[in-house]
Amino acid sequence: PPGVLKRFTVHHLRRAAPNADVTVAEKVRLPFSAGRGVQPYGDGFILDSDDPILQSLTDSEKLALRPFVNGEALMSGVPSGRIVIDVGRYQDEESLFNGMPTLAQHLKSTVKPVRDAITSQVHERRYWAFWDKREELFREVDQLDRFIVLAGDTRVPVFLFREDHHSLLSHKVVVIASDSAPVMGALSSTVHTAWFEQMRTGRGTTSNYVVSRCLRTFPFPDLDSLNLRKAAEAFLITRGEALSKAVSPTKLYNLIDDPAATLREVERLREAQVNLDASVVASYGWSGLDLSYGYFELAGVRRFTCDPSQRDEIRRRLLNENHRLSAAADAAEPRSAINRRPARGVSNGTEPLFS
């Protein structure tokens, strides 16, 4: 259920902190569920909005169609132009063909051969049902008026609130079952972006936001902080106003990162970002960290952000906080020796984390 804290196993940073005894980052407790969206697995599930098959569907079959949303659609503000077939409620093939004859025949001819070729790690034996449904995650999401989403393939993460529960969010979208402004504020801060900069996977300007690495290792600040809530709400209002002018998140953040962009809404959003970051830093109880901003390289692109040396310092403090929370959790609920082992490929401590 929402709000239940979840305990996760050991995960590792790609590098070890210099002059530090710790070489791994622990997965910490999160006050919400999170994961990737749905993976249908089979191209036949996805139809173009002008596919001829749509003209031959019954009214009941049309009800089984859902708009398909991927990361590109989230960030561009432009619908993907595709529709997904959702008939997973049928438990047997006979009832599927009786209720959805045209869609059933389509899936049998396009998806079943793909599924039949799989000999291991079978997630779902009904070829007409989605491969990864994320049922528990979306049960929690459905209880919320709004929830947090993110394009999983991203150079720098941009978290957005979403209210649409009908569209199908693809596995290229990260879904977070939280409607909390402070959670959104912490994730939208330079503090979390600095953590992502280290924990992201991929190479060059191509990177991925992997929930197990980037989110479940991130030590959140005090989410009950009134100042954090106020700053997060102000940031969301200001960003909403700027989005109404820029049309899409991609266009808006390109403007934010462009020093030549002097639109009033963009300048106000930069100020709101600075205020949000200051409130997040304060909610950790950190002192001596007065962030200075400019246009610096971050994850391979120029961004409006704080100085790189300060991002290094943020990561050092986050790693310390990560281990403090992990130690407190161990003291309250000791784990077995096997759970204490670092994940495969953990650094031996010879490679610097924040170079």
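Mentor: Let's start with helix 8 (residues 190–199) and helix 13 (residues 308–332): their axes come within 9 Å and cross at roughly 85°. An axis here is a line fitted to C-alpha atoms, for helices over the stretch in contact, and angles run from 0 to 180 degrees between N-to-C directions. Helices are DSSP runs of H or I with at least four residues, strands are E runs of at least two, and both are numbered from the N terminus. Keep in mind that this is a predicted model, where local features need pLDDT of at least 70 and side-chain atom pairs count only at pLDDT 80 or more, while totals for chains, interfaces and linings use all residues. Residues are numbered from 1 along each chain as its sequence is written, and side-chain values use heavy atoms, leaving out hydrogens and water.

Trainee: Why are helix 8 and helix 13 called roughly perpendicular?

Mentor: Angles of 65 to 115 degrees count as roughly perpendicular, under 35 as roughly parallel, over 145 as roughly antiparallel and the rest as oblique. The crossing is roughly 85°, so the pair is roughly perpendicular.

Trainee: Which residues make the contact?

Mentor: Val 191, Ala 194, Trp 195, Glu 197 and Gln 198 of helix 8 meet Arg 311, Ile 314, Arg 315, Leu 318 and Leu 319 of helix 13. Contact means heavy atoms within 4.5 Å.

Trainee: What makes Asp 312 and Arg 315 a salt bridge?

Mentor: The rule asks for a side-chain nitrogen of Lys or Arg within 4 Å of a carboxyl oxygen of Asp or Glu. Their closest N and O atoms are 2.5 Å apart, so the pair qualifies. Both residues lie in helix 13, three residues apart, about one turn of the helix. Salt bridges that share partners also join Glu 197, Arg 311, Asp 312 and Arg 315 into one network.

Trainee: How do you know whether Arg 162 is buried or exposed?

Mentor: Buried means under 20% relative accessible area, exposed over 50%, and partly exposed in between, with a 1.4 Å probe and protein chains only. Arg 162 has 17%, so Arg 162 is buried. Asp 164, its salt-bridge partner at 3.1 Å, has 27% and is therefore partly exposed.

Trainee: And why does Glu 233 count as partly exposed?

Mentor: Its relative accessibility is 35%, so Glu 233 falls in the partly exposed class. Arg 229, at 36%, counts as partly exposed too. Their side chains meet in a salt bridge at 3.7 Å, N to O, and both sit in helix 10 (residues 226–246).
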